[in-house]
Amino acid sequence: MDILKSLGIVELVISGGDPLLRDDAAEIIDYASKLFVTTVYDNGSMAAKKIEALRNVDFVAISIDSLDEAKNDYIKGVPGSWRRAMETVEALHKAGIKVSVTPTISQLNLYEILDITNYFTHKGIPVWYCLYSYDASEDKKQLFRIGKANDEFIIRDNQAMVKLCDSLMEMKKKNNRILMTDELLKTLRTLFSEGKRTWRCRALRNFLVIDHLGRIAGCHVHNFAGSLFDLPRLWNSQKFKTLREIYIKCTQCSYLCYIFYSIHGSPYGHLMLAKDQWKNAKLLLEK
Ligand code: SF4
């Protein structure tokens, strides 16, 4: 982690259930939280059992896709997931852990996103979003795969998505628990209204991905580019410069987190973030 810090990386996202399964999860999270703005993603299955380990985390993001139990469990494909996730959010919130809810916007819950947002933010629980996406690439060498094409989830009602972006921008004026920047919402709006990508991907500049073996890649869609331990040597190498040139022209995905880091990961991006959400940006700047 010191390697990442020395390169000026300020934020660490721990995703997948595995880190929370480890016996030393508390120690790792505690150490990471001292160096970075740290977010732990969970589907609600582990976080409630690891409350003490999560005490110092900046955000614990629990994924809930609907307020309707049956619908949520259908989307997740796991019976009982809604109840477990709701109880986890409640338990973490009660225990004073910085919990937030992250619905994945898809065609199945598109018309419900405002209700989900209102429900949790009125309880004092922040909300941010993922966007249904899947790996279209057939590259067998990509770091890992997430999602698969499912017609039911693919957003077909682009106008409703545009309206949702407008409504969220309007709601944000009075509701500071919606953790999306105007810039990100505007970018999404243009993507759905005009089909235009107004951002350029900044993989391996503003963000990178590390897997459980310490392999790194610009994003999970591409093959690994080296090991974490080689990072200081590789960061300014010709190899990384060439990869950055490839990634900046890449249009293979529209994962919201990668769009966010592409827009906000630079010093200018941080300024925009600070302007938009100074309370959260303060966390970044303090670290
Ligand atoms: S657009 Fe960027 S994040 Fe998405 S696949 Fe291409 S390089 Fe990766």
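A polar contact here is a pair of N or O atoms within 3.5 Å; within protein, one must be able to donate a hydrogen and the other to accept it, and residues adjacent in sequence count only if both atoms are side-chain atoms. Asp 211 and Arg 215 make such a contact through their side chains, at 2.8 Å. The structure is a predicted model, in which local features need pLDDT of at least 70, side-chain atom pairs count only at pLDDT 80 or more, and totals for chains, interfaces and linings use all residues. Residues are numbered from 1 along each chain as its sequence is written, and side-chain values use heavy atoms, with hydrogens and water left out.

Asp 211 sits in the loop between β7 and β8 (215–217); strands (E, at least two residues) and helices (H or I, at least four) are DSSP runs, numbered from the N terminus. Asp 211 counts as buried because its relative accessibility is 10%, where buried means under 20% relative accessible area, exposed over 50%, and partly exposed in between (1.4 Å probe, protein chains only). Phe 224 is 13 residues away from Asp 211 in sequence, and their C-alpha atoms are 9.2 Å apart.

Leu 204 belongs to another loop, the one between α8 (182–194) and β7 (209–210). Leu 204 is not a glycine, yet its phi is positive, at about 70°. Most residues other than glycine have a negative phi. With a relative accessible area of 0%, Leu 204 is buried.

Now for the ligand. Around it are Arg 197, Cys 201, Cys 219, Val 221, His 222, Tyr 247, Cys 250, Gln 252, Cys 253 and Tyr 258, a residue being near if one of its heavy atoms lies within 4 Å. This shell divides into 7 nonpolar, 2 polar and 1 charged; Ala, Val, Leu, Ile, Met, Phe, Trp, Tyr, Cys and Pro count as nonpolar, Asp, Glu, Lys and Arg as charged, and the others, Gly among them, as polar.

Ser 33, in helix α3 (residues 25–35), is buried at 7% relative accessible area. A polar atom of the Ser 33 side chain lies 2.6 Å from the backbone oxygen of Ile 29. Helix α7 (residues 158–172) has buried residues including Ala 160, Met 161, Leu 168 and Lys 172.
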